[in-house]
Amino acid sequence: MEHVDVIDSVCTYCGVGCDISASVKENKIIDISAHPEGVVSQGNLCVKGKYGYAFLDAHDRLKTPRIRKRFLEDNPKIYDAIALHVKPLDETWSEVSLEGATTAAAMKLQEIQKKYGSKSICSIGGARTSCESSYLLQKFTRQTLGSPHVDNCARICHAPSLKGMRTTIGEGAATNPYNDIYNAEFMIVFGSNTTEAHPIIANRIVDVAGKHDNLAVFDVREITLHRFAKYKGIIPHEANLLVLNMMAYVIITEELYNEHFLADRTKGFESFKEKILNDPYANPAYFEKLEGYESLSKLIPKVAREYALKKSMIFWGLGVTEHIDGSYAVMAITHLALMTGNIGKPGAGLMPLRGQNNVQGACDMGMLPYYDPDYQTPKEIGLMTPQLVDEMLDGRIKAVINMGEDLTHVHPNSNKVNHALDQVEFLMVQELFMTDIAKRADIVIGVKSAYEKTGVYVNAMRRLHLSQPLVTSDLPDDWEVIKLVENKLGGNYTYENSKQIWDEVREVAYRRFSGASYNRLERHRIRGLQWPVHTEDTPILHQLDFRTEDGYGEFHYHQYELRGMVQELVEKNLTGYYLTTGRTLAQYNNASQTSRCDKLHKRYDETVLFVHEDDAKDFTSDRVMLKTAFGQSAPISIKFTDKIKPKTLFCTFHHGKAGINRLFGDRSDVFTLTAAFKSIKVEIMNDEDSRDSF
Ligand SMILES: Nc1nc2c(c(=O)[nH]1)N[C@H]1C(S)=C(S)[C@@H](COP(=O)(O)OP(=O)(O)OC[C@H]3O[C@@H](n4cnc5c(=O)[nH]c(N)nc54)[C@H](O)[C@@H]3O)O[C@H]1N2
Ligand SMILES: Nc1nc2c(c(=O)[nH]1)N[C@H]1C(S)=C(S)[C@@H](COP(=O)(O)OP(=O)(O)OC[C@H]3O[C@@H](n4cnc5c(=O)[nH]c(N)nc54)[C@H](O)[C@@H]3O)O[C@H]1N2
Ligand code: SF4
Ligand SMILES: [Mo]
């Protein structure tokens, strides 16, 4: 019988961080299933965990580094230096050895640094790779290149959760373990399509809601979780802060708050109370004026009451963060927990459902312009990605290092991002595939995926997982590429493996990671360790004090600002269509990995626009193009449904071909510049030609 190895590791996709067991034969994965004792997966994986490994052997996997021919022509000195390493590939690209690629990168970075200064260079990415690689990229950028400009994908994702939670309770991470769902008496899910985006967490929520009928769901459309909810909230676009302040209003006017908790653990409540009571939008009766949403005026108080009187958890997603008031809405969520004492104990707490396998880790590692590792203040604060894009347009950013973030596909205002990248002199991309951004690069270096390397990943409940290789690969790890470039810039990195980098992380970021040695992570692979990890780990945060300077939780009131759909509804003038964008189960973000796994791709191989049946009259062709002042999508097909409200539309952004992100401008969260991907008014352009062709 041929030998099959069974290797335990962690799923490479979403922030749930499921524990997997892979069966491997002759260096090929033949099966992935849930680890039988998996604390996170609990014996189940979603389709991405189960079938999402075929990308490893995709025929177009980036195996050899590439260098743009045009770049070689424009940089004859560099060409001379690496000529022996270069082999023409096609019209656009030459293949080059790793040695040659990193020499070219180092020479170009040095040239740009000399000519335009250190701050003309930036690094973006790192939420899909290991902590070790994220850590090293920010260290290299800050220390070796001397630029403060580092950022990661949290920018367009949960950066408002970090901001909102740091401001009110001093720590921007989930407070409790997923299994506390079983200890909760009441749950609110706000703007998170949990069954699609965090399915193995959703399993728990559905389980408990089925038994105890204790779930409230707020979304702008009907999602699967609504089926299991006692309170089925469907709210207008961009009304989160409105609804959340209303919940605070109910808790205050009905005196449902926890006086002891407020007195012992918080400050600023009296002034917050005063402001909420004088807030013209905070009375839930406001919804009586909004046609189609009247029932919310009764539903919101009911939810507020149960939340306040029970041991409750709140889960949220991008439906909260990807708006202009995302950070404020997160503060409004934490206010609810502070008022009711639903934090710092089992079965309660605040659960921002972070997205990528290591976006929590990338932030912890300091891949943010305003935080060094361990959320320390950096010597100099750098710019956020949207500001960097503006700097590229203005000619001040000249070089971009990109480690797995498909900027031109997933950031808003794709036309603008593309123009900005036209202006830079050097773009280097570390990737698994020739993604949209990789196609624009001067140098592209194929790297190991998570299933081919060792490293630490931090999931959405702060759980560290030491991922180990399922198969071997000759490709470099991300950190090895950085090390090579650093050495060629005259540096002194001597790391020989990821463990050596991690040991440095444990010293630099000791507040969270000092006790999390590889050895311990290995020994506790099943149970897992949640940061901060010292002698013990910390499954529940804030039990004694908040992590603000003086330990008190703080209130930061902000009034809802009338705009968009709510304004049109209140003025009885709802015109045009509001689009919201999001996810589907089988595809993952830019789909670079999932679209290369047949079993996943065939479940969702093109972008579909969901339209309410009553709006059919405006959709006269089989496909439509969407248009805004910033750009136009490709023609996309339509599906009529009663799951969304009239005049609202929903589609995904996974397939770059559809060009959905051309529609978005620079509208973004006031603090973190997180794109307002969750609501944009669009024009519909029927594609009359499409009737014949499809
Ligand atoms: N299958 C799959 N899973 C994923 C990903 C993936 O691409 N595919 N990506 C991962 C990543 S990076 C992330 S960040 C997470 C994201 O996970 P989620 O946060 O669940 O992501 P979305 O589907 O983008 O949006 C969530 C919901 O917000 C709702 N919404 C839109 N506007 C509003 C609003 O104004 N108010 C409210 N209350 N709701 C609103 C949408 O209708 C949608 O149902 O998923 C992770 N998991
Ligand atoms: N319209 C709209 N746009 C959105 C969103 C939305 O809701 N609506 N959501 C936004 C959100 S929340 C996010 S997080 C972004 C996600 O967008 P991206 O960050 O671009 O997507 P990912 O698929 O998470 O990862 C990016 C790339 O990392 C590569 N990769 C995987 N593993 C590794 C590795 O180990 N090393 C390296 N170097 N590369 C690797 C993958 O091949 C992939 O191309 O999209 C955003 N864009
Ligand atoms: S829920 Fe997330 S971590 Fe778990 S198997 Fe699915 S994609 Fe992987
Ligand atoms: Mo995300």
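Several elements cover the buried residues of helix H8, including strand S9 (186-190), helix H7 (194-197) and strand S10 (215-219). Helices (H or I, at least four residues) and strands (E, at least two) are DSSP runs, numbered from the N terminus. To cover here is to be in contact, with C-beta atoms, placed from the backbone, within 7 Å.

The model is predicted: local features need pLDDT of at least 70, side-chain atom pairs count only at pLDDT 80 or more, and totals for chains, interfaces and linings use all residues. Residues are numbered from 1 along each chain as its sequence is written, while chains are lettered from A and ligands numbered from 1 in the order in which they are written.

Stay with H8. The helix has 14 residues. From first C-alpha to last it reaches 20 Å, close to the 20 Å expected at 1.5 Å a residue. That expected span is 1.5 Å times one less than the number of residues. Which residues of H8 are buried? They are Pro199, Ile200, Ile201, Ala202, Asn203, Ile205, Val206, Val208 and Ala209. A residue is buried if 20 or more other C-beta atoms lie within 10 Å of its own, exposed if 12 or fewer, and partly exposed in between; these C-beta atoms are placed from the backbone. Just after H8, Asp213 takes a positive phi of about 45°.

Helix H1 (47-51) and helix H8 (199-212) each supply at least two residues of the shell around ligand 3. The surrounding residues include Cys11, Cys14, Cys18 and Cys46, and also Pro199 and Ile200. A residue is near the ligand if its C-beta atom, placed from the backbone, lies within 6 Å of it. By class, the shell has 9 nonpolar, 2 polar and 1 charged residues. Ala, Val, Leu, Ile, Met, Phe, Trp, Tyr, Cys and Pro count as nonpolar, Asp, Glu, Lys and Arg as charged, and the others, Gly among them, as polar.

An unreviewed UniProt entry annotates residues 4-60 as "domain: 4Fe-4S Mo/W bis-MGD-type". Such annotations may be inferred rather than shown by experiment. The span is 9% helix and 35% strand, and its end C-alpha atoms lie 27 Å apart.

Now step back to the whole protein. It is divided into domain 1 (66-157 + 357-530), domain 2 (159-352) and domain 3 (564-693). These bounds come from an automatic or database domain assignment. The C-alpha centres of domain 1 and domain 3 lie 31 Å apart. Across their boundary, 17 residues of domain 1 are in contact with 20 residues of domain 3. On the domain 1 side, helix H16 (385-393), helix H17 (407-410) and helix H18 (414-423) each give two or more residues. That side has 7 nonpolar, 7 polar and 3 charged residues.

Some backbone angles deserve a look. Most residues other than glycine have a negative phi, and most peptide bonds are trans. Lys572 has a positive phi near 50°, and Lys647 one of about 70°. Are these two lysines buried or exposed? Lys572 counts as exposed because it has 9 C-beta neighbours inside 10 Å. Lys647 is buried, with 22 other C-beta atoms within 10 Å. Lys572 sits in the loop between helix H23 (564-570) and strand S22 (577-582). Lys647 sits in the loop between strand S25 (636-641) and strand S26 (648-652). A cis peptide bond joins Trp531 and Pro532, with omega about -5°.

Definitions and conventions: Two residues are in contact if their C-beta atoms, placed from the backbone, lie within 7 Å.
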